[in-house]
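Welcome! Here is a short tour of how two chains come together; take a look at the model before reading on.

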Protein chains: 2
Amino acid sequence: MDAHPYAPKDLSLPGFVPNLLSATTILVVFAVATIIVVSLAWFVPARFSRITRMERILICWWVFTGLTHMIVEGYFVFSPEFFKNKTGCYLAEIWKEYSKGDSRYAERDPATVALEGITAVIEGPASILAAYAIARHKSFNYVLQLAISLGQLYGCVMYYTTAILRGDGFATSTYYYYAYYVAANSPWIVIPTLISIRSWKRICGAFDGRFKRKSY
Amino acid sequence: MDAHPYAPKDLSLPGFVPNLLSATTILVVFAVATIIVVSLAWFVPARFSRITRMERILICWWVFTGLTHMIVEGYFVFSPEFFKNKTGCYLAEIWKEYSKGDSRYAERDPATVALEGITAVIEGPASILAAYAIARHKSFNYVLQLAISLGQLYGCVMYYTTAILRGDGFATSTYYYYAYYVAANSPWIVIPTLISIRSWKRICGAFDGRFKRKSY
């Protein structure tokens, strides 16, 4: 049994190094980085392309989620020993902290690693492409947004279902369960659902026009 | 250690009952059922709707894959003790036999159960809806086909990635590894890939028409 804050207590993490940054520091850095990224995504594309307010909001989301997938989740996927990190590396600190809400990250549960891998390697770059496709009015923008959003939703369903099948006992306390495991993930349920519905409707609309012209 | 044919040998399956049907019997029943289903899907919709040859092929696929998801995989999801079945129930026999290629089914690995659950409960009924949408020339037919095909591909990536992360040692022998674990799953990689590409192109084509009319 090792001295770590995670549940279950008998989880073996030899060489574990406790968080060097506080939860507040981690959150503030993430919030500041998000504000910078979203501000750039809001102002820069609009200087080069004629885009609506909704398209600007969507570009902000895709840039934010794409960078989160590639940098934050990408670090996790390729750093199996992040919990031993003693340099105070910000990305390792994020995952040491988040593991208090879901110790499967520290444990390296195969289902969690596999779905984070798909998210980081496929959905991350695809999200940046979606931002570009919206800004440039590419014909594939709706279908790409739908594909990524459905992938994110599939990932969320897998994430919670595999936890429930294993007994759902991976949070250090009720606070971490709701703050990290539930609340921190909720944007990736709500926003992909909204984008899926919007993209689906737009795609059907494009075909309705076509089918009418062809008088089906 | 129990007397079962699966790998790894130390997998605990108390109450295991060996296959009562031979592999040949299981395969022949599946083949005959498939021929009946595909024949009905080929001939029946064409009597009520003006559909092309490619649309008929797609309807056959969606009816076949939808029924497989709902009946065969649905049985697995909701029968955690299929390996104890001593009635010779055909669906239990399928999974006892398939587990020789991937013992995670008998073991009830959470990742495997979760992705089979999504496949059986969501993708199964959606596949039947896709067959209907093609036959009735619904405007949502391409987007639905794309959504299900991408879901099937996501499931396949999860399926193999979680096995590799756990060491990929779940087949009784090399024969079962290639015959069941690789070959039996390959249609669900090849066909969803082809349908995804086709649907994606059709959707972009519909928007190209639109964007041209709006002179983007």
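This is a predicted model: local features need pLDDT of at least 70, side-chain atom pairs count only at pLDDT 80 or more; totals for chains, interfaces and linings use all residues.

Residues are numbered from 1 along each chain, chains are lettered from A in the order written, and side-chain values use heavy atoms, without hydrogens and water.

## The shared surface

Chain A brings 40 residues to the contact and chain B brings 40 residues, where contact means heavy atoms within 4.5 Å. Because 100% of the interface residues of chain A are also interface residues in chain B, the copies meet through the same surface.

Together the chains bury about 3400 Å², 81% of it on carbon and sulfur atoms (accessible area, 1.4 Å probe, lost on being put together and summed over both). A:Ser139, A:Tyr154 and A:Phe207 supply 19% of the area that chain A buries against chain B, more than any other three residues.

## A helix pair across the interface

Helix H6 (residues 141-165) of chain A packs against helix H5 (residues 110-135) of chain B at an angle of about 125°, with axes 9 Å apart. Helices here are DSSP runs (H or I) of at least four residues, numbered from the N terminus, and axes are lines fitted to C-alpha atoms over the stretch in contact, with angles from 0 to 180 degrees between N-to-C directions.

Among the residues making this contact are A:Tyr154 and A:Met158 of H6(A), and B:Leu115 and B:Ile118 of H5(B).

Definitions and conventions:
Helices (H or I, at least four residues) and strands (E, at least two) are DSSP runs, numbered from the N terminus. Buried area is the accessible area (1.4 Å probe) that two parts lose on being put together, summed over both.
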